[in-house]
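The following note comments on the structure shown below. The points are numbered so that each may be taken up separately.

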Amino acid sequence: LLACLAAAVVLFRQAEIAHLFIVPVIFAGVLLGQAGILLVAFAAIVITLALTGVAAAGSLMLPLIMLGVVTVAVMIATRNLYTALRWALNGYESAFRNQNIARDRKAELEQALKSLEIASHNLHRTNHALENARHQAEEARRLKQHFAQTISHELRTPLNLIVGFTETMIQSPEYYGSNLP
């Protein structure tokens, strides 16, 4: 843009075209930052001074003053813009970091939740198995008691017969033809 404006001043031999050098300074303020403003303004001043052979020196004084005033105004105006942009960028970076941390924490929580669900399922299954084992143990105890009662009754009757017959044999050995050992 600077080269086009310099070519226009040379071709048209109009010093008033030098006023348009403020446009690249304004664009530099928005696009290139504070250092870009100074660089473009310096280049515009050098080009304007180089064109003194083309136009009268007095007619270039007003464009140079305007270029300086606009440069200062753009620097002041864009300082707040770049400060706000830095703040926004820092806020974005902070939000991005926090989002990644939150995403990591969410993944950890989901993993912990899944582990808790598995543990809860295993605990439920183990409690069910324990309940079944308790019922089986109670049934086995009941069956053992019933078995002991049945065996006791079943053994008592034949044992009483044997004891009774043995007492008869001891009390009356003469029926058996000899003494019992």
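1. E108 and R105 lie three residues apart in helix 4, so about one helical turn separates them. In this predicted model, the two residues form a salt bridge, with their closest N and O atoms 3.8 Å apart. A salt bridge is counted here when a side-chain nitrogen of Lys or Arg lies within 4 Å of a carboxyl oxygen of Asp or Glu, and the E108–R105 distance of 3.8 Å is within that cut-off of 4 Å. Both partners are partly exposed: E108 has a relative accessibility of 46%, and R105 has a relative accessible area of 47%.

2. The spacing deserves a brief comment. An α-helix has 3.6 residues a turn, and therefore residues three or four places apart point the same way. Side chains of opposite charge can pair when their charged atoms come close.

3. How many salt bridges does a search of the whole structure find? The search finds four. One of them joins R134 to E131, the closest N and O atoms being 2.5 Å apart. These two residues belong to helix 4 and are three residues apart, about one turn of the helix. R134 is partly exposed, at 39% relative accessible area, as is E131, at 34%.

4. R134 also meets the side chain of E138 in a salt bridge, at 2.6 Å from N to O. E138 and R134 are four residues apart in helix 4, again about one turn. Through salt bridges that share partners, E131, R134 and E138 are joined into one network. E138 is partly exposed, with a relative accessible area of 36%.

5. Helix 4 runs over residues 57–171, and G164 is one of its residues. G164 is partly exposed, with a relative accessible area of 28%. Between G164 and R105 there are 59 residues of separation in sequence and 85 Å in space, taken from C-alpha to C-alpha.

6. The buried residues of helix 3 are G33, G36, I37, V40, A41, A44 and T48. Viewed down the helix axis, these buried residues fall within an arc of 125°, and therefore line one face of helix 3. The face turned away from the buried side carries the exposed residues A35, L39, F42 and A50.

7. Which residues touch the most other members of the largest nonpolar core? Of its 17 residues, they are L2, F21, V25, V40, A44, L67 and V70. Helix 1 (2–12), helix 2 (22–31), helix 3 (33–50) and helix 4 (57–171) each contribute at least two residues to this core.

8. Leaving aside residues up to four places away in sequence, V40 touches L2, P24, V25, A28 and L32.

Note on methods. Residues are numbered from 1 along each chain as its sequence is written. This is a predicted model: local features need pLDDT of at least 70, side-chain atom pairs count only at pLDDT 80 or more; totals for chains, interfaces and linings use all residues. Side-chain values use heavy atoms; hydrogens and water are left out. A nonpolar core is a set of buried Ala, Val, Leu, Ile, Met, Phe, Trp, Tyr and Cys residues joined through side-chain atoms within 4.5 Å. Buried means under 20% relative accessible area, exposed over 50%, partly exposed in between (1.4 Å probe, protein chains only). Contact means heavy atoms within 4.5 Å. The arc is that of the directions from the helix axis to the C-beta atoms.
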